[in-house]
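Here is a short report on one protein model. Look through the sequence and the structure first, then read on.

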Amino acid sequence: IRVVSQAGIYAVFALYLFWAIRRGPNVWVPYLGTVIYAVLFEHGNMWRYARTPGGYYYHAASWLWVLGDVPLYIPLAWAFLVATSRGLTDQLHLRAWGRPFCDALLTLLIDLCLDAVAIRLRFWYWRGVGLDEGFFGVPADNFVGWLLVTFTFSLLTRWLWEGRATRAGSLTAKASAQFLALPVVAYALYLVLEALVHGAYVVLHARTLGRQLPILAGLIFLFLAVVLAALRGRPANVHDASPTASFSRWDAPMQHGPRHVFHIFGVLGLLCLPVALRDARLWLLALSVWSVESALAVVAHRRHRRVVSSASPRHHP
């Protein structure tokens, strides 16, 4: 399954990149910028937590390594996971200030069950963390990282889009260059937010994996509260500045399809684990997350159609 999964990620990345290029630089530039950010973040973690408890490392049989410690398929998977989260958020037509929070939650949604299955299939390993510790063997810090790393990148890229997009809805050459340089700034902002969370661990005496989970839950509820506030009232106009705010019926599969690939991986991964077959909790986790994902896709589609319909000119007899 490790071979099939890596080949699948390369294929989906290439397909999504082809689609993004056809959509224009407003889609493919942030997409490739995410790859750069993922490489920077992953390599930074490898360097910061090398040989320390709570750190992680990837299986040696992975293909095509970047900088010697990160398999290439990891930042590529990051790219279309974050990109499709942004696309799904835009279909919900939230207020602009709530969209980075929604992007982060949608990215975390997939990671909740993905990591629990991946570590059991030995895609990567956590140092000093047992499979019965943390969240199904995954430390809370991992999910905090996913929230903050997506939030920082989305916050800055969305701000840059709002400020640099042309009236025609495409990026200037200067803005495109800024997009590709932005990962360094986003990573610096991430480190600041991570330090604040780790400070909360100290203040609340959350030194064990179990005590850190409530802090993660509180952070998730905070993000969710912002999203719900941004969702209330009249939806944001369909003609907003977000690069993926409008979709045709042919674009929708490219926004939702890659996300379902991750869920399929989770289910197939469980089928490959004889021990997991007896663990109803893992099955409940995987199927619950997939159900939430499917429900969100339906809500986003209906909300987008309603916004498009309300924005269309009406002809009276």
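**Helix H4**

The expected span of a helix is 1.5 Å times one less than its number of residues. Helices are DSSP runs of H or I with at least four residues, strands are E runs of at least two, and both are numbered from the N terminus. Helix H4 covers residues 99-120. Its 22 residues should span 32 Å, and its end C-alpha atoms are 33 Å apart, which agrees.

H4 bends by about 35° at leucine 114. That bend is the angle between axes fitted to the seven residues ending there and the seven starting there. Just after H4, arginine 122 has a positive phi of about 65°.

**Burial**

Buried means under 20% relative accessible area, exposed over 50%, and partly exposed in between (1.4 Å probe, protein chains only). In H4, 22 of the 22 residues are buried, so the helix is largely enclosed by the rest of the structure. Cysteine 102 is buried at 5%. Cysteine 113 is buried at 4%.

**Two positive phi values**

Leucine 67 is not a glycine, yet its phi is about 60°. It sits in the loop between strands S2 (65-66) and S3 (70-71). Leucine 67 is exposed, at 57% relative accessibility.

Phenylalanine 136 has a positive phi near 55°. Its loop runs between strand S4 (124-126) and helix H5 (140-164). Phenylalanine 136 is buried, with a relative accessible area of 16%.

**About the model**

This is a predicted model: local features need pLDDT of at least 70, side-chain atom pairs count only at pLDDT 80 or more, and totals for chains, interfaces and linings use all residues. Residues are numbered from 1 along each chain as its sequence is written, and side-chain values use heavy atoms, leaving out hydrogens and water.
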